[in-house]
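I opened my notebook to look up a few side-chain contacts. Here is what I wrote down, entry by entry.

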Amino acid sequence: MQCEICATEMQPFETGTILQKYTIQYFHCPHCGFVRTEEPYWLDEAYSDAICDADIGLLSRNVFLFPRIEAVINICLPQSETFLDYGGGYGIFARLMRDKGIPFEWYDQYCQNLFAKGFEKQRNHYDVITAFELFEHFAEPMKEIENLMELGDNLIVMTKLIPNPPLHIKDWWYYVTLHGQHIAFYTERSMNLIAERFHRHYVGHGDIHIFSSKPIPNWKVRLSLSRFRGIVTRFRNRGTLLSQDYEKITGQSLT
């Protein structure tokens with residue numbers, strides 16, 4: 001199997017049990033550290049429900065993300081005006097961001113939009129694309145990432161990086177073999193190679209990764225994700241879109 005990130009021949013790494021019944025092979029790239037499963041023939045079964053029942057952190061993840069991504073946008077990408085949450089699930093994040101005055105739209109091929117109705121994807125190109133807990137689901141990573149890069153000038157991603165050498169299946173919860181949807185795992189080196197491939201600038205901090213059209217100083221990203229972010233963003237408050245959105249949806253004013 002050839003690594004999709006750097007085209008190096010991947011090596012068998014370890015076996016694991018997916019969906020509690022399929023024994024499958026994981027492969028590791030010795031050059032960039034990328035790890036993936038064998039061809040994921042079980043995905044139709046794994047996606048019988050778009051949101052896995054075991055994903056009990058869905059709400060807390062969105063609550064954690066929205067003030068931090070608000071700060072990343074206001075501090076690192078302040079000129080941005082158009083936004084899309086790609087793979088946006090139930091629309092929780094898009095709604096929270098609109099509540100903070102950032103006009104996010106929503107797109108998800110597999111999931112029903114419950115909280116951002118009326119604000120589905122309208123454009124072919126955006127200043128900022130967010131893709132949270134998505135990279136690890138890609139069966140064809142570079143093809144999917146290319147689609148995202150073409151869709152926006154700046155891409156903000158949330159995914160956990162795997163150490164190199166990789167952790168054993170039993171030692172890292174993020175393999176999430178129970179639901180079988182996590183099939184691709186990236187290192188910092190593989191993220192940098194992705195950025196080079198698509199002529200973007202990469203900066204990452206923790207689980208947040210940014211592929212930008214122009215360089216972003218690392219200190220700005222760290223500030224955006226620190227506990228001091230509120231001090232800065234207080235002076236860049238965009239207001240809320242609640243009243244405007246309510247009027248669009250109902251035809252009635254909140255005032």
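**Charge over a ring.** I started with Arg 98, whose charged end sits over the ring of Phe 119, 3.8 Å from the ring centre. I noted beside this that the model is predicted.

**Aromatic pairs.** I then looked up the aromatic pairs, and the count came to 19. One of them joins Phe 93 and Phe 104, an edge-to-face pair with 5.4 Å between centres and 80° between planes. Phe 93 belongs to helix α3 (residues 92-99) and Phe 104 to strand β5 (residues 104-107), so this pair ties together parts eleven residues apart in sequence. I checked burial too: Phe 93 is buried at 1% relative accessibility, and Phe 104 is buried at 0%.

My next pair was Trp 173 with Tyr 174, edge-to-face at 5.3 Å centre to centre and 85° between the planes. Here Trp 173 is exposed, with 57% relative accessible area, whereas Tyr 174 is buried at 1%. I also found both in one aromatic cluster, with Tyr 26, Trp 172, Tyr 175 and Phe 185.

**Cysteines.** How many disulfides did I find? The count is zero. For Cys 3, the nearest cysteine sulfur is that of Cys 32, 3.6 Å away, and Cys 3 is in no disulfide. Cys 3 is buried, with 2% relative accessibility.

I put Cys 6 down as partly exposed, at 22% relative accessible area.

Methods:
Residues are numbered from 1 along each chain as its sequence is written. This is a predicted model: local features need pLDDT of at least 70, side-chain atom pairs count only at pLDDT 80 or more; totals for chains, interfaces and linings use all residues. Side-chain values use heavy atoms; hydrogens and water are left out. A disulfide is a pair of cysteine sulfur atoms within 2.5 Å. Buried means under 20% relative accessible area, exposed over 50%, partly exposed in between (1.4 Å probe, protein chains only). Rings of Phe, Tyr and Trp (its six-membered ring) pair if their centres lie within 6.5 Å; planes under 30 degrees apart count as stacked, over 60 as edge-to-face and the rest as tilted. Helices (H or I, at least four residues) and strands (E, at least two) are DSSP runs, numbered from the N terminus. A charge sits over a ring if NZ of Lys or CZ of Arg is within 6 Å of the ring centre and within 35 degrees of the ring normal.
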